[in-house]
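Keep the viewer open as you read.

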Amino acid sequence: MISQYSGISPKGDLILLERLGEKLKGKSFLHINSTRAGGGVAEILQRMIPILVELGIDARWEVIEGDERFFDLTKKIHNAVQGNSEKITEDMWRHHYEINKKNAERINLDADAVLIHDPQPSPLIEFRKTGRWIWRCHIDVSHPVKEVCDYLLRYCQRYEAAVFSVAKFARAMGVDEFIIPPSIDPVSEKNRAMSPDEINKTLDRFQIPADRPMLLQVSRFDRFKDPIGVIKAHRMVKKYNDCILVLAGSPATDDPEGEAVLKEVREFAADDPDIHILLLPPFSDRDINALQRAATIVIQKSLKEGFGLTVSEAMWKGKPVIGGAAGGIPLQIIHGVTGFLVHSVEGLAFRIRQFLNNPEMVQRMGENGREHVRNNFLITRQIRDYLSVWYYLENKGALIEL
């Protein structure tokens, strides 16, 4: 599997991966999150675990289970950490802890390194047995609700290290902190090269015309992704430029708000024949790949964002991207070089028209974006970084040599 990345990933990343694999060979590495389908974390883990195993590491991936109340609560925590005002009572926090306690009884937590993803399973640190425990935060915690953040810190400060996607998300936690952006897998079904015939089959199945400029946003149906704002921008653009809009997303099992947001989006679209709203089943990687490759412009107008991997996915396919200036999107979009950053619906409409009226700019920024992703946001780099953190913790205080 590692050989697949030769000639795609930077050579230095592959050399370091091999060396780190040799140092950590035979050790166990456990990842725990809250869903096996839907969202970037699950997608990365599906691709990462087999690579770790090939490197000789005993890698496992476990998913915590919970009732409806638990996931309603963790969505509130997620929203509050991203700055939304939410009331979380002591009884709610107690339920959060009790669900994690039940999961600790069910999941084998013995491992040389344990990486806990996001707030949902963060209390598992209370049931730590062995190994190096690392908390991985994938969401935007730059302006959290203080009371909620302070409560989570009770757990997070007990980890040996914390990992964030963007430097401005890091908090003063009293533990080692690292910045590791997420990544895409260039050889996965979602990102591999596709033939025109494959792309057209997907468009035909969804009854999307292939002969008109297409604007595309791929994301969960979440208010922070601002799908309503994207529709407003499309309506502004349509007064001057012919184009269609496709909003495509899959449900996530740990996001109870998705259905309500999807309903709002459909009602706001009001049966406009130029707007295609697609609720894709989990693991619709081939369809998403085809839609991104068919798009003229890809949009990710997030108001809050952990990282926004759909930006790197689109840039890898040579597409110009317009994104909200939030979370990790500015790390991916170099304004005016690989795409544009926007702060408003009007700004989005302006940049869409700029692209539609400048085909040469579209091509130039698409090429720049692909190289930017190659050098910074491929999965081999992310695995290298995770293993480097683990190796550092194992050898902290000693002279480290690779």
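## A covered helix

Helix α10 (residues 309-316) is mostly covered, with eight of its eight residues buried. "Buried" here means under 20% relative accessible area, "exposed" means over 50%, and "partly exposed" is what falls in between (1.4 Å probe, protein chains only). The buried residues of α10 are L309, T310, V311, S312, E313, A314, M315 and W316. After α10 comes G318, whose phi is positive, near 75 degrees.

Some housekeeping: this is a predicted model, where local features need pLDDT of at least 70, side-chain atom pairs count only at pLDDT 80 or more, and totals for chains, interfaces and linings use all residues. Residues are numbered from 1 along each chain as its sequence is written, and side-chain values use heavy atoms, leaving out hydrogens and water. Helices (H or I, at least four residues) and strands (E, at least two) are DSSP runs, numbered from the N terminus.

Angles run from 0 to 180 degrees between N-to-C directions, and axes are lines fitted to C-alpha atoms, for helices over the stretch in contact.

Inside this sheet, β4 and β5 pair in the parallel sense over four bridges, and W135 stands opposite A162 in β5. Contact, by the way, means heavy atoms within 4.5 Å.

The other open sheet has six strands as well, in the order β9-β8-β7-β10-β11-β12, again with parallel pairing. Its edge strands are β9 (275-279) and β12 (339-342), and each pairs on one side only. The twist averages 20 degrees from one strand to the next. Strands β7 (residues 214-218) and β10 (residues 297-300) run parallel and are joined by two bridges; L215 stands opposite I297 in β10. Helix α12 (residues 345-356) packs on this sheet, touching β7, β10, β11 (321-324) and β12, and its direction makes about 165 degrees with that of β12.

## Where α6 meets α9

How do α6 and α9 lie relative to each other? The axes of α6 (residues 196-205) and α9 (residues 285-294) come within 9 Å and cross at roughly 100 degrees, so the two helices are roughly perpendicular, a label for angles of 65 to 115 degrees. On the α6 side, I199, T202, L203 and R205 make the contact, meeting D287, A290, L291, R293 and A294 in α9. By class, that contact has five nonpolar, one polar and three charged residues.

## Positive phi away from glycine

Most residues other than glycine have a negative phi. Q207, in the loop between α6 and β7, has phi near 55 degrees and is exposed, with a relative accessible area of 67%. D226, in the loop between β7 and α7 (227-238), also has phi near 55 degrees, but D226 is buried, at 13% relative accessible area.

## Charged pairs

How many salt bridges does a search of the whole structure find? It finds 32, where a salt bridge is a side-chain nitrogen of Lys or Arg within 4 Å of a carboxyl oxygen of Asp or Glu. Here are a few of them.

| Pair | N to O distance |
|---|---|
| R132 and E160 | 3.1 Å |
| E198 and R192 | 2.7 Å |
| D197 and K201 | 3.6 Å |

R132 is partly exposed, with a relative accessible area of 25%.

D197 and K201 both lie in helix α6, four residues apart, about one turn of the helix. D197 counts as partly exposed at 46% relative accessibility, while K201 counts as exposed at 55%. E198 is partly exposed, at 24%. Finally, R212, K238, D242, D272 and D274 are linked in a network of salt bridges.

Definitions and conventions
Parallel < 35°, antiparallel > 145°, perpendicular 65-115°, else oblique. Nonpolar A, V, L, I, M, F, W, Y, C, P; charged D, E, K, R; others polar. Pairing = 2+ DSSP bridges.
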